[in-house]
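Please examine the structure shown below.

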Amino acid sequence: MSYFMYDVMGVTVEKPDPAMIERVLDGLTDADDEHPDVSLSHENGWCLSVFTNGLLIWENPDDDVPRPGEMRDVTRDETLRLLGLLAAGDIESIETLPWLR
């Protein structure tokens, strides 16, 4: 399975391991209006974007999903868990969560 992350400056990190995922998240301390998030994308098209305020955006731009899902005030531990699920391609587990659409 293939997946990658964009860090806060938009640099691509191919197949980051859990330690690298944490480092990319740490980069959110440098977020600004132009670079507000980091994201992990899977080869199946699903993407999880993470913002400094605990906002997560769940979407698949390649799919006909009407609106992206949102969750607010997500803890770092839960964010790491979800990024790990997406890296593993476990879309079903992520989809069962209470996304606001």
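Q: Where does aspartate 73 lie?
A: Aspartate 73 is found in the loop between β6 and α2. Helices (H or I, at least four residues) and strands (E, at least two) are DSSP runs, numbered from the N terminus. The model is predicted: local features need pLDDT of at least 70, side-chain atom pairs count only at pLDDT 80 or more, and totals for chains, interfaces and linings use all residues. Residues are numbered from 1 along each chain as its sequence is written, and side-chain values use heavy atoms, with hydrogens and water left out.

Q: Why does aspartate 73 count as exposed?
A: Exposed means over 50% relative accessible area, buried under 20%, and partly exposed in between (1.4 Å probe, protein chains only). Aspartate 73 has 67% relative accessibility and therefore counts as exposed. Its phi is near 55°, a positive value in a residue other than glycine.

Q: Why is lysine 15 called partly exposed?
A: The relative accessible area of lysine 15 is 49%, which lies between the limits of 20% and 50%, so the residue is partly exposed. Lysine 15 is placed in the loop between β2 and α1 (18–26), and its phi is near 40°, a positive value in a residue other than glycine.
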